[in-house]
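Subject: Structure handover

Hello,

Here is the structure for your files. My notes on what was found follow below it.

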Amino acid sequence: MARVKGAMMTRKRRNKTLKLAKGYWGAKSKHFKMAKQAVMKSGNYAYAGRKKKKRDFRRLWITRISAAAKLNGMNYSQFMNGVKKAGITLNRKMLSEIAISDPAGFTAIVEKAKAAL
């Protein structure tokens with residue numbers, strides 16, 4: 001049997017990495033060794049970024065809820081405590097959307113929260 005050499009699969013693997021490194025500055029997009037390092041590093045950043053995105057959005061929602069609650073004479077922690085006690089099971093994302101799009105509806109939620117405290 002003929003000896004099988006790995007040239008084709010090696011080339012495929014390297015081209016895949018070089019394709020991922022397309023647009024990187026300088027040799028990082030041309031040389032396999034540097035491209036491999038850059039792609040691995042960017043993968044780590046992307047992974048961390050996906051986790052950070054969730055934190056950032058939660059912070060944004062809390063800021064929006066806090067601002068809307070202050071307009072209705074309540075701080076954020078009191079409002080959230082009142083919402084829990086009133087049995088309102090809306091998450092922070094939905095509360096922030098209501099605060100932006102329907103201020104009258106948010107005021108009604110604040111009144112229920114106040115009554116529950």
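How many helices and how many strands does the secondary structure of the chain come to? The chain has five helices and zero strands, where helices (H or I, at least four residues) and strands (E, at least two) are DSSP runs numbered from the N terminus. From the N terminus on, the elements run α-α-α-α-α.

Before the details, some conventions. This is a predicted model, in which local features need pLDDT of at least 70 and side-chain atom pairs count only at pLDDT 80 or more, while totals for chains, interfaces and linings use all residues. Residues are numbered from 1 along each chain as its sequence is written, and side-chain values use heavy atoms, with hydrogens and water left out.

Overall shape

The C-alpha trace spans about 85 × 35 × 20 Å along its principal axes. The radius of gyration of the chain is 26 Å, whereas a compact globule of 117 residues would have one near 13 Å; the radius is taken over C-alpha atoms, and the globule rule is 2.2 Å times the number of residues to the power 0.38. Of the 117 residues, 23% are buried (buried is under 20% relative accessible area, exposed over 50%, partly exposed in between; 1.4 Å probe, protein chains only). Among contacts (heavy atoms within 4.5 Å) between residues at least 6 apart in sequence, 49% join residues at least 24 apart.

Core

The largest nonpolar core holds 15 residues; such a core is a set of buried Ala, Val, Leu, Ile, Met, Phe, Trp, Tyr and Cys residues joined through side-chain atoms within 4.5 Å. Ile-65, Phe-79, Val-83, Leu-95, Phe-106 and Ile-109 have the most contacts inside it. At least two residues of this core come from each of H2 (32-71), H3 (76-86), H4 (92-101) and H5 (103-116). Neighbours within four places in sequence aside, Ile-65 is in contact with Tyr-76, Phe-79, Arg-92, Leu-95, Ser-96 and Phe-106.

Helix H5

The end C-alpha atoms of H5 are 20 Å apart, which agrees with the 20 Å that its 14 residues should span at 1.5 Å a residue (the expected span is 1.5 Å times one less than the number of residues). Phe-106, Ile-109, Val-110 and Ala-113 are the buried residues of H5. They cover an arc of only 100° around the axis, so they lie on the same side of H5; the arc is that of the directions from the helix axis to the C-beta atoms. Ala-104, Lys-112 and Ala-115 are exposed on the other side of H5. The cover over the buried residues of H5 includes H2, H3 and H4.

Ile-98 lies in H4 and is partly exposed, at 21% relative accessible area. Its contacts beyond four places in sequence are Leu-90, Pro-103, Gly-105, Phe-106 and Ile-109.

Helix H1

Leu-18 lies in H1 (residues 7-20). Not counting residues up to four places away in sequence, Leu-18 touches Ser-29, Lys-30, His-31, Phe-32 and Ala-35. Leu-18 and Lys-30 are 12 residues apart in sequence and 7.0 Å apart C-alpha to C-alpha.

Salt bridge

The whole structure contains one salt bridge (a side-chain nitrogen of Lys or Arg within 4 Å of a carboxyl oxygen of Asp or Glu). Lys-52 pairs with Asp-56, with the closest N and O atoms 3.4 Å apart. Both residues lie in H2, four residues apart, about one turn of the helix. Lys-52 counts as partly exposed at 41% relative accessibility, and Asp-56 counts as partly exposed at 35%.

Regards
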